[in-house]
Amino acid sequence: MAQLYYRYASMNAGKSIEIIKIAHNYEEQGKRVLLFTSGLDDRYGQGYIASRVGLKRKAHTFNSETSIIEIIQQETDGNLPKVYCILIDEGQFLTRKQVQELTQIVDYMDIPVIVYGLKNDFSNNLFEGSEALLIYADKIEEIKTICWFCNKKATMVLRVVDGKPVYVGEQIMIGGNDSYIPVCRRCYGSPSLPSLKEAAEKE
């Protein structure tokens, strides 16, 4: 039976490269997969899943109005090869309705769906997509990475503007290492300020 997987992590944990790797493993066996990513993040080009190590894959894009189930229905037309898996990056930007569509794809079309994304934003509030995934996913897994200021596990995301931590503002602001740093709970509240700018500039 197919299942809905939610794999969450802080920034810089290798979520995108994991999606590219899974897609490659399926396709190496001649099995078709469909990839999705948010249209909000176009840092590497519209409709691409890209890893910081340089790997890049074309993907369908979604926004708040996208019906993912309609796309899947079109892509599973009888004249097309079977879809063995659906992989979604930036799952925090899904709407609750879209997550519910994913459950229908799993339950009634028997296609496994694996979603990667952040859990909490820079103010430590859940995104709409991550909250819905925590409710509806069959399996929830954490991908671990370490804090940029110490050796503890990173569980939060620190937003940085002009080398200084920011704790209030709009929930969505697209950015990379220049804007967001993975941190542990202790360093989130009191980051190592002398090395903050250096951490933000890391590639």
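Buried means under 20% relative accessible area, exposed over 50%, and partly exposed in between, with a 1.4 Å probe and protein chains only. By that cut-off, Gln98, Val99, Glu101, Leu102, Thr103, Ile105 and Val106 of helix H3 are buried. This is a predicted model: local features need pLDDT of at least 70, side-chain atom pairs count only at pLDDT 80 or more, and totals for chains, interfaces and linings use all residues. Residues are numbered from 1 along each chain as its sequence is written, and side-chain values use heavy atoms, with hydrogens and water left out. Helices (H or I, at least four residues) and strands (E, at least two) are DSSP runs, numbered from the N terminus.

- Helix H2 covers residues 68-75. Its buried residues are Ile68, Ile69, Ile71, Ile72 and Glu75. They lie on the same side of H2, because they cover an arc of only 155° around the axis; the arc is that of the directions from the helix axis to the C-beta atoms.
- The cover over the buried residues of H2 includes strands E2 (32-38), E5 (60-62) and E6 (83-88), and helix H3 (96-109).
- The 14 residues of H3 should span 20 Å at 1.5 Å a residue, and the end C-alpha atoms are 19 Å apart, which agrees. The expected span is 1.5 Å times one less than the number of residues.
- Buried residues of H3 pack against strand E1 (4-8), E5, H2, E6, strand E7 (113-117) and helix H4 (128-136).
- Aspartate 110 follows H3 and has a positive phi, near 55°.

**Nonpolar cores**

- A nonpolar core is a set of buried Ala, Val, Leu, Ile, Met, Phe, Trp, Tyr and Cys residues joined through side-chain atoms within 4.5 Å. The largest has 32 residues. Phe36, Ile86, Ile88, Leu94, Leu102, Ile105 and Val113 have the most contacts inside it.
- At least two residues of this core come from each of E1, E2, H2, E6, H3, E7 and H4.
- A second, separate core has 13 residues, including Tyr5, Ile19, Ile20 and Cys85.
- Leucine 102 touches Leu4, Ile68, Ile88, Leu94, Val113 and Val115, not counting residues up to four places away in sequence. Contact means heavy atoms within 4.5 Å.

**Isoleucine 49**

- Isoleucine 49 sits in strand E3 (residues 48-50). It counts as buried, at 0% relative accessibility.
- Beyond its neighbours within four places in sequence, isoleucine 49 has contacts that include Ser16, Ile19, Leu35, Phe36, Arg57 and Asp89.

**Aromatic pairs**

- The whole structure holds 3 aromatic pairs. Rings of Phe, Tyr and Trp (its six-membered ring) pair if their centres lie within 6.5 Å; planes under 30 degrees apart count as stacked, over 60 as edge-to-face and the rest as tilted.
- Phenylalanine 93 and phenylalanine 127 are edge-to-face, at 5.9 Å centre to centre and 85° between the planes. Phenylalanine 93 is in the E6-H3 loop and phenylalanine 127 in the E7-H4 loop, so the pair ties together parts 34 residues apart in sequence. Phenylalanine 93 is buried at 15% relative accessibility, and phenylalanine 127 is buried at 5%.
- Tyrosine 167 and tyrosine 188 are also edge-to-face, because their ring centres are 5.1 Å apart and their planes are at 80°. Tyrosine 167 is partly exposed at 32% relative accessibility; tyrosine 188 is buried at 12%.

**Charges over rings**

- Arginine 7 lies over the face of tyrosine 5, at 5.4 Å from the ring centre. The criterion is NZ of Lys or CZ of Arg within 6 Å of the ring centre and within 35 degrees of the ring normal.
- The charged end of lysine 56 sits over the ring of tyrosine 48, 4.3 Å from its centre.
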